Amino acid sequence: MSTSLQRLWTHACTGQLALRRRFPPATLAAIETAIRDCESRHAGEIRFAVEPALRLSAVWREQGPRQRALAAFAELGVWDTAHNNGVLIYVLLADQAVEIVADRGVSSQRVPVAEWEAVCRLMESHYRSGAFREGSVAGIEAVADVLSRYPPAFPDAGNELPDAPVLLR
């Protein structure tokens, strides 16, 4: 089967059941707790989003995880913080991919792209072994470490984004 047909099939078969199996309530609660705890260590705002699969029309148009993460960044208002210090951790289950999108207060001008990519690979490694809770918490802690090493230019403006993870679609 060609790669595009394989990807189309994978997205068609990955839905809410897969999402609930990999991110049950206890895992979602652990993610929320990790975000709340980690945000006390830096002035950034972390938002965590999980999507089981893309719409088939998006897969057909060859939309990738990065493009969808950028769209989710806007849809979830991660860009709308007082000091532009929002960071989105986006998980696309069907592609087994993690993307990080950072607002300009903590973007690649301040943080080397390799730092964000390392966090993504760390999480993907955990996910490949089925450790979704551990991988998610490890990723959040790694983002907090990055934000501690490369602090946003402005002090903490308070908790501007929800700490609870969002399940898309």
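Arg169 counts as partly exposed at 48% relative accessibility, where buried means under 20% relative accessible area, exposed over 50% and partly exposed in between (1.4 Å probe, protein chains only). Arg169 sits in the segment after strand E4 (166-167); helices (H or I, at least four residues) and strands (E, at least two) are DSSP runs numbered from the N terminus. Phi of Arg169 is near 60 degrees, a positive value in a residue other than glycine.

The model is predicted, so local features need pLDDT of at least 70 and side-chain atom pairs count only at pLDDT 80 or more, while totals for chains, interfaces and linings use all residues. Residues are numbered from 1 along each chain as its sequence is written, and side-chain values use heavy atoms, leaving out hydrogens and water.

A positive phi, near 50 degrees, is also found at Asn84, again a residue other than glycine. Asn84 belongs to the loop between helix H5 (65-75) and E2 and, at 17% relative accessibility, counts as buried.

How do H3 and H7 meet? Their axes (lines fitted to C-alpha atoms over the stretch in contact, with angles from 0 to 180 degrees between N-to-C directions) come within 9 Å and cross at roughly 10 degrees. The two helices are therefore roughly parallel to each other, the term for angles under 35 degrees. In contact (heavy atoms within 4.5 Å) are Ala26, Thr27, Ala30, Ile31, Ala34, Ile35 and Cys38 of H3 with Phe132, Arg133, Ser136, Val137, Ile140, Glu141 and Ala144 of H7.

Gly135 is also found in H7 and is buried, with a relative accessible area of 0%. Leaving aside neighbours within four places in sequence, Gly135 is in contact with Met123, His126 and Tyr127. The C-alpha atoms of Gly135 and Ile31 are separated by 9.9 Å, although the two residues are 104 residues apart along the chain.

Terms used:
Parallel < 35°, antiparallel > 145°, perpendicular 65-115°, else oblique.
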